[in-house]
Every structure is written in structure tokens, then in C-alpha cells.
Amino acid sequence: AAFHDNKTQIYLDKGVLAGSFLEGDKDPEVVAQIQPALDVLGASADLLSIQDTVFRFRYHGLIKNKRGMAAWTETLIRDCGVSCTGVVFEAGTRKRD
């Protein structure tokens, strides 16, 4: 646990969420609006935070599909009537499967 705390402390010190699995703010109204998209994604991605119009997810799928899944998720969110300028899939230190 100490090793993990040492690696993640920088994110807490700087207040940066990108690149980590730390959860941020999620507007419950927006989450309710994009629930159909979240249902389609299922267990392949978990919503971490919503910052303005950028959505962060923890991605559990294959790394080779990460970019395409992010683009598709952006389309799903827009189809729900929510403004979306970007989707970030956090996969940790995984480079390939």
C-alpha cells in the first residue's frame, strides 16, 4: 500500500486527475442524461469524472480498441443530447494486451 500511495500522491498534491484512476466531480444530472450510453458501455468502462465537456473513464477493454472505443463513446454521449468535446480513457500503465 505504501508503494501505491507514493505513486499516486503526486496526483493529489497537484490536483490533477488525468493519468490516474482517481474519481473527480460528476454532475448527477449529466450522469442521468448519459445513462443510456453508460448502459451500452457496460463493464468495459467506468465513469471517473466530468470536467466541463470532457468525460474521463477507466477503460477495461483491449488496448488495441481504446482509441476507437473513445471515439464511439463520444458519439454515444452526443446522441444522448449532452455536449461533449472529448473522452479520455484511462488504462493505467497497460501498453498492450
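# Notebook: rings, charges and a hairpin

**Entry 1: Phe-89.** I started with Phe-89, which counts as buried because its relative accessibility is 5% and the cut-off for buried is under 20%. A note to myself before going on: this is a predicted model.

**Entry 2: ring pairs.** Next I looked for aromatic rings with their centres within 6.5 Å, and the count came to two pairs. I took Phe-57 and Phe-89 to begin with. Their ring centres sit 5.6 Å apart and the planes make an angle of 80 degrees, so I wrote this pair down as edge-to-face.

Then I turned to Tyr-59 and Phe-89. Is this pair stacked or edge-to-face? The centres are 5.0 Å apart and the planes are at 15 degrees, so I noted the pair as stacked. The cut-off I needed here is under 30 degrees. This pair links distant parts of the chain too, as Tyr-59 is in strand β2 and Phe-89 is in strand β3, 30 residues apart. Tyr-59 is buried as well, with a relative accessible area of 4%.

**Entry 3: salt bridges.** How many salt bridges did I get? The count came to two.

In one of them, the side chains of Glu-90 and Arg-56 meet, with 3.3 Å from N to O.

I found both residues in helix α4 (residues 66-79), four residues apart, which is about one turn of the helix. Glu-74 counts as buried at 18% relative accessibility, whereas Arg-78 is partly exposed at 45%.

Entry 4: I went back along the chain to strand β1 (residues 45-51). Five of its seven residues are buried, so I noted that the strand is largely enclosed by the rest of the structure. Strands β1 and β2 run antiparallel and are joined by six bridges. Across from Ile-50 I found Phe-55, which is in β2.

What happens between the two strands? The hairpin of β1 and β2 has two residues between the strands, and Asp-52 takes a positive phi near 55 degrees there.

**Entry 5: a loop residue.** Last, I looked up Leu-62, which I found in the loop between β2 and α4. Its relative accessible area is 41%, so Leu-62 is partly exposed. I also checked Leu-62 against Asp-97: they are 35 residues apart in sequence, and 6.3 Å apart in space from C-alpha to C-alpha.

Terms used. Residues numbered from 1 in each chain as written. Predicted model: local features only at pLDDT ≥ 70, side-chain atom pairs only at ≥ 80, totals over all residues. Heavy atoms only, no water. Phe/Tyr/Trp six-rings, centres within 6.5 Å; stacked < 30°, edge-to-face > 60°. Buried < 20%, exposed > 50% of the residue type's maximum accessible area, 1.4 Å probe, protein only. Salt bridge = Lys/Arg side-chain N within 4 Å of Asp/Glu carboxyl O. Pairing = 2+ DSSP bridges.
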